[in-house]
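Work through the exercises below with the sequence and the model open. Try each task before you read its solution.

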Amino acid sequence: MHCSEFRTALSARVDGEDLPPGMTGAALDAHLRGCGECCAWGERARRLRLLAARFDVA
Ligand SMILES: [Zn+2]
């Protein structure tokens with residue numbers, strides 16, 4: 001699986017949506033442990049989400 005697929009799943013998780021078909025939380029976590037870029041991407045997505053919630057623009 002490619003990073004882009006994990007990022008799609010990650011953004012779904014950040015938004016509180018269901019993971020895409022074929023993706024499991026365990027697989028996502030395993031990838032994040034081994035991929036610093038996706039890990040950083042996920043952190044950024046989470047921060048943006050929090051920021052959006054704070055300003056109520058989501
Ligand atoms: Zn990755």
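Helices (H or I, at least four residues) and strands (E, at least two) are DSSP runs, numbered from the N terminus. UniProt lists residues 3-38 as "domain: Putative zinc-finger", in an unreviewed entry. UniProt positions follow the numbering used here, feature names are shortened, and annotations may be inferred rather than shown by experiment.

This is a predicted model: local features need pLDDT of at least 70, side-chain atom pairs count only at pLDDT 80 or more, and totals for chains, interfaces and linings use all residues. Residues are numbered from 1 along each chain as its sequence is written, and side-chain values use heavy atoms, with hydrogens and water left out.

**Exercise 1. Describe the overall fold.**

Step 1: count the elements. The protein has three helices and zero strands.

Step 2: read their order. From the N terminus on, the elements run α-α-α.

Step 3: box the model. Along the principal axes, the C-alpha atoms fill roughly 35 × 25 × 15 Å.

Step 4: check burial. Of the 58 residues, 24% count as buried. Buried means under 20% relative accessible area, exposed over 50%, and partly exposed in between (1.4 Å probe, protein chains only).

Step 5: take one buried example. Alanine 9 is found in helix α1. At 0% relative accessibility, alanine 9 counts as buried. Alanine 9 and leucine 28 are 19 residues apart in sequence, yet 7.5 Å apart in space, C-alpha to C-alpha.

**Exercise 2. Find the donors of the zinc ion and name the geometry.**

Step 1: list the donors. They are Cys3 (SG), His31 (NE2), Cys35 (SG) and Cys38 (SG), lying 2.0 to 2.3 Å from the zinc ion. Donors are N, O and S atoms within 2.8 Å of the metal (3.2 Å for Na, K and Ca); water is not among the atoms, so sites may look incomplete.

Step 2: read the spacing. Along the chain the donors follow C-x27-H-x3-C-x2-C. Cysteine 3 in helix α1 and cysteine 38 in helix α3 link distant parts of the chain, 35 residues apart.

Step 3: check the angles. The four donor atoms subtend 104 to 113° around the zinc ion, which makes the arrangement tetrahedral. Four donors count as tetrahedral if all angles lie between 85 and 135 degrees. For four tetrahedral donors, the ideal angle at a metal is 109.5 degrees.

Step 4: Cysteine 3 is partly exposed, with a relative accessible area of 31%. Cysteine 38 is buried, at 0%.

Step 5: look at another histidine. Histidine 2 lies in the segment before α1. At 58% relative accessibility, histidine 2 counts as exposed. Histidine 2 and histidine 31 are 29 residues apart in sequence and 9.8 Å apart in space, C-alpha to C-alpha.

**Exercise 3. Trace salt bridges and say what they connect.**

Step 1: apply the rule. A salt bridge is a side-chain nitrogen of Lys or Arg within 4 Å of a carboxyl oxygen of Asp or Glu. The count comes to four salt bridges.

Step 2: take aspartate 29 and arginine 13. Their side chains meet at 3.1 Å, N to O. Aspartate 29 lies in helix α2 (residues 25-34) and arginine 13 in helix α1 (residues 3-14), so the pair ties together parts that are 16 residues apart in sequence. Aspartate 29 is partly exposed at 31%, and arginine 13 is partly exposed at 34%.

Step 3: take arginine 49 and aspartate 15. This salt bridge spans 2.9 Å, N to O. Arginine 49 lies in helix α3 (residues 36-55) and aspartate 15 in the loop between α1 and α2, so the pair ties together parts that are 34 residues apart in sequence. Arginine 49 is partly exposed at 30%, and aspartate 15 is partly exposed at 37%.

Step 4: take glutamate 43 and arginine 46. Their salt bridge is 2.4 Å, N to O. Both lie in helix α3, three residues apart, about one turn of the helix. Glutamate 43 is partly exposed at 35%, and arginine 46 is partly exposed at 41%.

Terms used
Tetrahedral: all angles 85-135°; square planar, octahedral: opposite > 155°, others 65-115°.
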